[in-house]
Structure formats: structure tokens, C-alpha cells
Amino acid sequence: MILFLHGADTFRSSARLRELMDGFVKKYDSARMNIAVISEKTDPWAVRGLLGSLPFLASRRLVVVRDLLTLPADVLAALAEASSGGVPETSVLLVRVAADLEEKKKYKEAAEPFCSSVGATIEVCAELQGKAFDDFVARLLKKNNCRITRDALREFVWRCQGDLWRIDQESKKLASFCGEKEAILEDVRVAVGGVEEEDMFALLDALAAGNWAGALFCLERQKRAGVTPYSMLSMMVWQMRLLVSARLLLDEDPRAAVTTRMKVKPFVGEKAASMARRWSLPDLRAIYQGLLQVDIKMKTGGGDPEALLALLVVKV
């Protein structure tokens, strides 16, 4: 039996891999004596033996490839050759690709021997959207014993940028921080990272409202957090690109599905669309051009980096 996992959602494919391995141990191999891992360190000549070995004091043997993308070409070729004729009935080959195969043409071609004429079962972990994403996050937080209010949850997911790997880690930290208490908005702001990205959007919010003092305060917070002017500029340029793209889509169709069209995570797209509505396209382009000029001056020694950013803010 061959089971093939892939998809853009690497967190869920990794979690599914662990789930399947745990299930195998529970059902067939409580002593963990029949699990082999093929990795970048595996000798290509050993691959056939790993696939063809009989189980020891058990009815099944599990062979795992945690991530096909990490295998060197010779190991990948040996794996494809050894499995092209199928695997023994007593073996289970579990292969994971930490990416969407449609975006990895090289590995899609290499994976075909696993998926054709050998009865491979394929599971695709595509990125979740909308309610499916919300429901998965709710289950993940429950698993990590993290209780949180609705308002705090929105802030929490935004600070994690919709990244399930980060949501998993930060929810464990938040649960430890709050103990038995339900996490509220202030708890999230204190315990969860993400101040850099949040401050950059807060800075743009302040600029849109004509609050120059608030915008300068955001820059100062970044500085005190140890963020360099170059990193601040990179984040501002990235966020301005998002806002310009969102504004273009909204000018084309005010009801455009910004998140889908921009191919970004839901919370990033929603935030960008919300903020883009507060700016005109000429204003956004002017700020973007200003950022590019600051970038040139920073790289050519045209002024103090912190002063250049502050000057840009008060000129907007």
C-alpha cells in the first residue's frame, strides 16, 4: 500500500503524517520495531531493502518519507525505481511532499510511479479558506487548551498572519500565559508576537487619519523593539504592494473577492481590502514611490535611515 500526502497546507500534511504514524503504532507496532524512515541521509542502495524487508513480530511494516523535497536525486531515483512495481503486501509506504505538486513539476513527474498502477491513495491538503479555516483553527485551539474570546481570536489570528504553524505555537504560549482564564484582547496583545506587522498597518491607519504623531509613535515602537530601518522599510513596501493590488481590484469591482484574486491568506486579504478602501490609488502610488526613493537613498548613503523614514511619514 502506498499513501501519498501533498498540498500547499504543510501544517495539515505534517499533522496528518503524525496521525497516520501514531495510528500504525497503535494498531500494528506498539514496540515501534517496524518503522523505517527514508531521508536525505539514506544510502540509495539501501532503499530497496527498506521497502522490501518483512515485518518483525508484526503483520505490517511502515516506511516513511517525511518530505520528498528533501531527498537528493539519487535517493529519489532509487525510491521511484523500487516502488514502481508496487510494494510488498506487508509494507505501507507513506510519502509526504511539503508543497503542492502542481507547483513542483519536477517532483510531480518523479512521483508518478507512486501514483500509477500501484494502487496509491492520494490525500491533498489544500489551504483552507473561510469557514473551513475558522473551524480548523477552533479545533486546534481546543486541542491546545486555549480558550479565547471572539474579539481576541480575530486579533490573535491576524497577528499570526493566518499561518497555522504559528497559530499552533502561539496558542500554546497563550494558553500557558492565561492559565485557566479565557484569553481576552489585552492578553493577546501582551503575549502574542506580531508587533512589527501590526505596527506597520497601525502606521498606515494613522497616516490615513492624518495622525502624524501616531504614525511617528509606531516607528518609535519598531525602533525600541529592535527592528532596523531596513526591515521597517521592507515591511512597509510589502504592505504597500498589498494595498495597491487590493485598490486596483476594488476599482475594477467594488465587490471583488480580494483574498482569492490576490492569492493571500484570508486575514491578510481582508485587512488589505479594508485599508485600501480608505485610500485612493494615486495616494497609494505616491506613498509607494516615496518608499522607493527612501530605499535608493538608504542604499546610496543619501541620509540617516531613521530620519528618512520619519521625513517620509510627515510628508504623506
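## Basis of the report

This is a predicted model, in which local features need pLDDT of at least 70 and side-chain atom pairs count only at pLDDT 80 or more, while totals for chains, interfaces and linings use all residues. Residues are numbered from 1 along each chain as its sequence is written, and side-chain values use heavy atoms, with hydrogens and water left out.

Rolling a probe the size of a water molecule over the atoms shows where empty space is left. A pocket is here an open set of points, on a 1 Å grid over the protein atoms alone, where a 1.4 Å probe fits and protein lies on both sides within 12 Å along at least five of seven lines; its lining residues have an atom within 4 Å of a point. The largest pocket has a volume of about 330 Å³, a volume being the space filled by probe spheres set on the points, which are joined across faces, edges and corners. Its lining has 13 residues, and F11, A15, R18, F136 and K143 lie nearest the centre of this pocket. The elements giving two or more residues to that lining are α1 (10-27), α5 (130-143) and α7 (164-178), and α1 gives the most, with six residues. Helices (H or I, at least four residues) and strands (E, at least two) are DSSP runs, numbered from the N terminus.

The second largest pocket has a volume of about 270 Å³ and is lined by eleven residues, of which D134, T149, R150, L153 and R154 lie nearest its centre. At least two residues of this lining come from each of α5 and α6 (150-159), and the lining as a whole divides into six nonpolar, one polar and four charged residues. In α6, the buried residues (under 20% relative accessible area, with exposed over 50%, partly exposed in between, for a 1.4 Å probe and protein chains only) are A152, E155, F156, V157, W158 and R159. Just after α6, Q161 takes a positive phi of about 60 degrees.

## Aromatic pairs

A pair of aromatic rings is described by the distance of the centres and the angle of the planes. Rings of Phe, Tyr and Trp (its six-membered ring) pair if their centres lie within 6.5 Å, and planes under 30 degrees apart count as stacked, over 60 as edge-to-face and the rest as tilted. A search of the whole structure finds three such pairs. One of them is the edge-to-face pair of F11 and W165, with 5.2 Å from centre to centre and 90 degrees between the planes. This pair links distant parts of the chain, since F11 is in helix α1 and W165 in helix α7, 154 residues apart. F11 counts as buried because its relative accessibility is 5%, whereas W165, at 37%, counts as partly exposed.

A tilted pair is formed by F24 and Y28, whose rings are 5.3 Å apart, centre to centre, with 45 degrees between the planes. Here F24 is buried, with a relative accessible area of 6%, and Y28 counts as partly exposed at 29%. F11, F136 and W165 form one aromatic cluster.

Two strands pair if DSSP finds at least two bridges between them. Five bridges join β1 to strand β4 (residues 91-97) in the parallel sense, and in β4 the bridge partner of F4 is V95. Strand β5 (residues 121-124) also runs parallel to β1, over four bridges, and in β5 it is E123 that stands opposite L5.

## The largest nonpolar core

A nonpolar core is a set of buried Ala, Val, Leu, Ile, Met, Phe, Trp, Tyr and Cys residues joined through side-chain atoms within 4.5 Å. The largest one has 41 residues, and those with the most contacts inside it are L203, M240, L291 and L309. Elements that each supply at least two residues of this core include α9 (195-208), α14 (281-299) and α15 (305-315), while α11 gives the most, with twelve residues.

How values were computed: Ala, Val, Leu, Ile, Met, Phe, Trp, Tyr, Cys and Pro count as nonpolar, Asp, Glu, Lys and Arg as charged, and the others, Gly among them, as polar.
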